[in-house]
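I opened my notebook to record what I looked up in this model. The entries follow the order of my looking.

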Amino acid sequence: MIVEFSVVDTKDFTIEHLFDSPENQDLIANFQATNDAAGLEDYLKIQSVEDEENNCSRTYLVKDALSGELVAYFSLRTGLITIQVQDDSFDSVPAIELANFAINKRYKDSHPEAQKLGFYTFKKFVLPIVQRMSVYVGVNALYIYALPEEKLIEHYHTMGFSRLPEHQEKFVQRHVKPKYDEGCIFMYQVI
């Protein structure tokens with residue numbers, strides 16, 4: 001049985017899976033990540049298709065409902081948070097990773113009236129998908145490895161993410177964090 005996760009489009013924006021429309025490949029080729037986040041741009045252009053085909057993640061495109069322009073993208077995948085609860089005792093929490101999340105600089109520059117695109121994308125698209133998935137699969141948290149920039153960390157705080165206590169954050173950095181997220185800050189929120 002295939003379960004469809006329908007996410008409601010908004011008045012201004014729509015959401016599509018990476019492979020839903022043939023024109024998505026052209027939109028992806030012209031995507032430019034804000035804040036010169038080359039890794040996020042490269043992921044969408046180079047790695048996202050392979051991760052889709054290997055069932056490692058799902059990538060979604062947020063588009064302008066009127067113009068069809070690519071506004072943002074994000075990738076989700078299942079994961080597990082392992083936290084240290086005592087000196088040598090650990091606990092695992094089923095979770096979903098917001099593995100990639102970026103706004104299209106070209107869209108943002110050509111639409112200065114569009115404000116808080118990241119916050120909007122998160123609240124209207126990312127969170128509803130995660131909440132819907134939690135109905136079908138045991139999930140307790142959503143997490144992200146944020147670039148270590150204070151402004152970005154604060155932005156994720158406003159979206160409901162928190163950092164672990166310092167001793168647990170050090171444990172995650174030493175034992176759990178994937179190599180590709182080297183130097184990033186682990187943040188999470190309870191679903």
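Predicted model: local features only at pLDDT ≥ 70, side-chain atom pairs only at ≥ 80, totals over all residues.

Which element gives the largest share of the lining of the largest pocket? I looked it up: strand S4 does, with seven residues.

**Entry: the largest pocket**

I read off the space in the largest pocket as about 1,100 Å³. I then checked its lining, which has 40 residues, and found Asn35, Leu40, Phe101, Leu152 and Tyr156 closest to the pocket's centre. I listed the elements that each supply at least two lining residues: helix H2 (38-53), strand S4 (89-103), helix H4 (117-136), strand S5 (141-146) and helix H5 (150-158). I sorted the lining by class and got 21 nonpolar, nine polar and ten charged residues.

**Entry: asparagine 35**

I went back to asparagine 35, one of the residues closest to the pocket's centre. I found asparagine 35 in the loop between helix H1 (24-29) and H2. Is asparagine 35 buried or exposed? Its relative accessible area is 65%, so I wrote down exposed. I also looked at its backbone: phi is near 60°, a positive value in a residue other than glycine.

**Entry: lysine 116**

I noted a positive phi at lysine 116 too, near 55°, and this residue is not glycine either. Lysine 116 sits in the loop between helix H3 (105-110) and H4. Its relative accessibility is 67%, so lysine 116 counts as exposed.

**Entry: the chain as a whole**

I stepped back and counted elements. The protein chain has six helices and seven strands. From the N terminus, I wrote their order as β-α-α-β-β-β-α-α-β-α-β-α-β. Of the 191 residues in the chain, 45% are buried. The accessible surface comes to about 10,700 Å², and carbon and sulfur atoms hold 51% of it. I also checked contacts between residues at least 6 apart in sequence: 66% of them join residues at least 24 apart.

**Entry: strand S1**

Which way does S1 run against strand S2 (residues 58-64)? The two pair in the antiparallel sense, over five bridges. I found histidine 17 opposite tyrosine 60 in S2.

**Entry: glutamate 16**

I picked glutamate 16, which is in strand S1. Its relative accessibility is 17%; the cut-off for buried is under 20%, so glutamate 16 counts as buried. I listed its contacts beyond four places in sequence: Ser21, Asn24, Thr59, Tyr60, Leu61 and Lys63. Glutamate 16 and threonine 59 are 43 residues apart in sequence, yet their C-alpha atoms are 8.7 Å apart in space.

**Entry: aspartate 9**

My last stop was aspartate 9, in the segment before S1. Its relative accessible area is 38%, so I recorded aspartate 9 as partly exposed. Aspartate 9 touches Thr14, Ile15 and Phe125, leaving out residues up to four places away in sequence. I also checked aspartate 9 against valine 62: they are 53 residues apart in sequence and 9.3 Å apart in space, C-alpha to C-alpha.

Notes
Residues numbered from 1 in each chain as written. Heavy atoms only, no water. Pairing = 2+ DSSP bridges. Helix = DSSP H or I, 4+ residues; strand = E, 2+ residues; numbered from the N terminus. 1 Å grid on protein atoms, 1.4 Å probe; cavity = no way out; pocket = protein on both sides within 12 Å on 5 of 7 lines; lining within 4 Å. Points joined across faces, edges and corners; volume = space filled by probe spheres on them. Nonpolar A, V, L, I, M, F, W, Y, C, P; charged D, E, K, R; others polar. Buried < 20%, exposed > 50% of the residue type's maximum accessible area, 1.4 Å probe, protein only. Contact = heavy atoms within 4.5 Å. Areas by Shrake-Rupley, 256 points an atom, 1.4 Å probe, with all protein chains shown as cover.
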